[in-house]
Amino acid sequence: MAGKVFFSVSMSLDGFIAPASLGELMGRQWMELQQWIFPQRHFRENLKLGEGGEEGRDNDIVRETFERTGASVMGKNMFDAGEKMWPEEAPFHTPVFVVTHEKRDPWERPGGTVFRFVNDGIESALDQAREAAGDRDVRIAGGGATILEYLNAGLVDEFSIALSPVLFGSGIRLFEGVDASRIALEQIRSEPSPRATHLTYGVHPR
Ligand SMILES: NC(=O)c1ccc[n+]([C@@H]2O[C@H](COP(=O)([O-])OP(=O)(O)OC[C@H]3O[C@@H](n4cnc5c(N)ncnc54)[C@H](OP(=O)(O)O)[C@@H]3O)[C@@H](O)[C@H]2O)c1
């Protein structure tokens, strides 16, 4: 049976998922946005940030999200930012399909991550990701522009937001340009942790 297509992001209380410029990545705003995830044991191990870490519900959510994902799709901006920051053993351990205009050979990393660069659109990238994921789910990893393309095309089944207790004021808005007339949401789960509020929604055509 085919898995679901989902995305899972951290969002500021005022709706932003990244600072305005990539140069600010890893700056104060990003660290505050991701303050719930950095201490988690699974995240730390996967990103090679060091031993140990928290093991409560936030850690379970990180691990469950990782384990359900059989392949990821991401935009070129997220890939460019990650290429500079991910450890040599990139943290996906599955195929990753990068939607881009740039032609580039597949980039294989130790540990099972293979980045493939897809030049013929989001549906082609998703078809390839579904095929690679088998029974597991496909994660639209980000960033905002790519998530929105999939959402507006009616190709997302479910999404989760870790709502962080921080205000950005400006930056990349998750839902800027969403086609609200076509998309209806169903609340599946809301789960507070000491560090964030985890919200999960089903997506249906309106
Ligand atoms: N808060 C979170 O949890 C979270 C999660 C993930 C990412 N992020 C953040 O999101 C930011 C990046 O998001 P973004 O919205 O700037 O960009 P993005 O979605 O990562 O990438 C957009 C780029 O991907 C390529 N692309 C997208 N759709 C395409 C298509 N249909 N055909 C061909 N190419 C296509 C284009 O690049 P080219 O024309 O150059 O190929 C486009 O400019 C980063 O700062 C990242 O940190 C945040």
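Pro95 is partly exposed, with a relative accessible area of 24%; buried is under 20% relative accessible area, exposed over 50%, and partly exposed in between, computed with a 1.4 Å probe on protein chains only. The structure is a predicted model, in which local features need pLDDT of at least 70, side-chain atom pairs count only at pLDDT 80 or more, and totals for chains, interfaces and linings use all residues. Residues are numbered from 1 along each chain as its sequence is written, and side-chain values use heavy atoms, with hydrogens and water left out.

Pro95 lies in strand S4. Helices (H or I, at least four residues) and strands (E, at least two) are DSSP runs numbered from the N terminus. Pro95 touches Gly70, Ala71, Ser72, Gly112, Val114 and Ala132, leaving aside residues up to four places away in sequence; contact means heavy atoms within 4.5 Å. The C-alpha atoms of Pro95 and Phe115 are separated by 6.1 Å, although the two residues are 20 apart along the chain.

**The sheet**

S4 belongs to an open sheet of 9 strands with mixed pairing, in the order S5-S6-S4-S3-S7-S1-S8-S11-S10. Two strands count as paired if DSSP finds at least two bridges between them. Strand S5 (107-108) and S10 stand at the edges with a single partner strand each, so one side of each has no neighbour in the sheet. S8 and S11 pair in the antiparallel sense over 6 bridges, and Leu163 stands opposite Thr197 in S11.

H3 packs on the sheet, touching S1, S3, S7, S8, S10 and S11, and its direction makes about 90 degrees with that of S3. For this angle, axes are lines fitted to C-alpha atoms, for helices over the stretch in contact, and angles run from 0 to 180 degrees between N-to-C directions.

**Helix H3**

H3 has 12 residues and reaches 16 Å from its first C-alpha to its last, close to the 16 Å expected at 1.5 Å a residue. The expected span is 1.5 Å times one less than the number of residues. Asp58, Asn59, Ile61, Val62 and Thr65 are buried in H3. These residues cover an arc of only 160 degrees around the axis, which puts them on the same side of H3; the arc is that of the directions from the helix axis to the C-beta atoms. Their cover includes strand S1 (5-12), H2, strand S3 (69-75), S7, strand S10 (183-192) and strand S11 (197-205).

**Nonpolar cores**

A nonpolar core is a set of buried Ala, Val, Leu, Ile, Met, Phe, Trp, Tyr and Cys residues joined through side-chain atoms within 4.5 Å. The largest has 30 residues, and those with the most contacts inside it are Phe7, Val73, Val138, Ile140, Tyr150 and Leu174. H5 gives the most to this core, with 5 residues. Apart from it lies another core, of 24 residues, among them Trp30, Phe38, Val62 and Phe92.

Tyr150 touches Val73, Val99, Ile122, Ala125, Leu126, Ile140, Leu155 and Val156, not counting residues up to four places away in sequence.

**Backbone features in loops**

His93 is partly exposed, with a relative accessible area of 24%. A cis peptide bond joins Gly142 and Gly143, with omega about -10 degrees. Gly143 lies in the loop between strand S7 (137-142) and helix H6 (144-152).
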